[in-house]
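Here is a short briefing for a first look. Keep the sequence and the 3D view open while reading.

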Amino acid sequence: MGKKYIDAVKQIDKTKQYDMAEAIEKAIEIAPAKFDETLELHVKLGVDPRHADQQVRGVVVLPNGTGKTVRVLVIAKGAKADEATAAGADYVGAEEYIEKIQKENWFDFDVMITTPDMMGLVGRMGKVLGPKGLMPNPKSGTVTMDIAKAISDIKAGKVEYRVDKQAICHVIFGKKSFGKDKLLENVTTIMDAIIKAKPAAAKGTYLKSVAIATTMGPGIKVNYRP
């Protein structure tokens with residue numbers, strides 16, 4: 001741990017659960033890095049991810065965006081490829097990009113979108129794309145015929161939330177430079193979506209714990225009240 005991180009930790013009351021607005025203010029105040037750090041939300045849920053009926057996954061468009069420039073690769077042909085280019089996709093193609101990924105280990109993109117008819121081709125790369133979180137999926141809106149809307153949403157600040165094996169959702173919700181109000185609006189949008197996505201099979205307390213942190217900063221516990 002670096003000196004700046006240790007200094008940041010000292011400024012947090014570990015015995016306290018902050019309300020969300022207060023936690024965001026504190027995170028901005030103690031952010032140790034000189035660059036414009038990203039803020040991250042970490043939500044521990046009372047679900048068992050091993051069971052299909054207790055999965056929590058979805059997407060939401062942040063009202064103030066993420067502050068990140070997202071590079072979009074679209075795998076499509078014909079009119080849908082033209083639609084992707086017109087909508088502002090960074091890369092558009094089919095077999096040539098599949099080959100580039102497989103042979104050159106090329107991953108200069110953040111999101112892959114594809115049309116349903118191309119999933120046979122894309123699906124072969126599941127072992128490569130899956131571990132990197134790049135595999136297109138209908139639930140995340142990245143396997144679709146509405147290519148233009150998918151690109152627009154992603155560029156505008158669409159984020160995906162999903163539980164990992166530890167039943168935790170990790171989601172980014174903006175940059176330090178956004179300021180408290182915009183960050184609060186973004187994180188509230190995500191929390192509302194996660195709460196609405198509660199599986200019927202989930203028993204007991206759904207929101208086990210909530211915390212936020214900047215890229216390089218320590219976690220701050222939040223007492224979240226919807």
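## Pocket, strand, rings and a tyrosine

Strand β6 contributes the most to the lining of the largest pocket, giving 5 residues. Keep in mind that this is a predicted model. The points below start with that pocket, then turn to a strand, a set of rings and one tyrosine.

**The largest pocket**

- The volume of the largest pocket is about 1100 Å³.
- Its lining is made up of 31 residues.
- Nearest the centre of the pocket lie Asp-110, Val-111, Lys-132, Gly-133 and Glu-160.
- By type, the lining residues split into 14 nonpolar, 9 polar and 8 charged.
- Four strands each give at least two residues to this lining: β2 (57–61), β5 (111–114), β6 (158–162) and β7 (168–175).

**Strand β2 and its partner**

- β2 pairs with β6 over 5 bridges, in the antiparallel sense.
- Both strands of this pair also supply residues to the lining of the largest pocket.
- Within the pair, Val-60 stands opposite Val-159 of β6.
- In a regular strand, side chains alternate between the two faces of the sheet.
- In β2, Gly-58 and Val-60 make up the covered face.
- The uncovered face of β2 holds Arg-57, Val-59 and Val-61.

**Aromatic rings**

- The structure holds 5 aromatic pairs.
- One of them joins Tyr-97 and Trp-106, with ring centres 5.4 Å apart; their planes meet at 35°, so this pair is tilted.
- Tyr-97 and Trp-106 are both buried.
- Trp-106 also pairs with Phe-109: the centres are 5.3 Å apart and the planes are at 40°, so this pair counts as tilted too.
- Phe-109 is buried, as is Trp-106.
- Ring pairs link Tyr-91, Tyr-97, Trp-106, Phe-107 and Phe-109 into a cluster.

**Tyr-224**

- Where does Tyr-224 lie? It is in the segment after β9 (220–222).
- Is Tyr-224 buried or exposed? Its relative accessibility is 16%, and buried means under 20%, so Tyr-224 counts as buried.
- Beyond its neighbours within four places in sequence, Tyr-224 is in contact with Met-20, Thr-188, Met-191, Asp-192, Ile-195, Leu-207 and Val-210.
- Tyr-224 and Gln-17 are 207 residues apart in sequence, yet their C-alpha atoms are 8.8 Å apart in space.

Terms used: Residues are numbered from 1 along each chain as its sequence is written. This is a predicted model: local features need pLDDT of at least 70, side-chain atom pairs count only at pLDDT 80 or more; totals for chains, interfaces and linings use all residues. Side-chain values use heavy atoms; hydrogens and water are left out. Buried means under 20% relative accessible area, exposed over 50%, partly exposed in between (1.4 Å probe, protein chains only). Contact means heavy atoms within 4.5 Å. On a 1 Å grid over the protein atoms alone, a cavity is a set of points where a 1.4 Å probe fits but cannot get out, and a pocket is an open set with protein on both sides within 12 Å along at least five of seven lines; lining residues have an atom within 4 Å of a point. Grid points are joined across faces, edges and corners, and a volume is the space filled by probe spheres set on the points. Ala, Val, Leu, Ile, Met, Phe, Trp, Tyr, Cys and Pro count as nonpolar, Asp, Glu, Lys and Arg as charged, and the others, Gly among them, as polar. Two strands pair if DSSP finds at least two bridges between them. Rings of Phe, Tyr and Trp (its six-membered ring) pair if their centres lie within 6.5 Å; planes under 30 degrees apart count as stacked, over 60 as edge-to-face and the rest as tilted.
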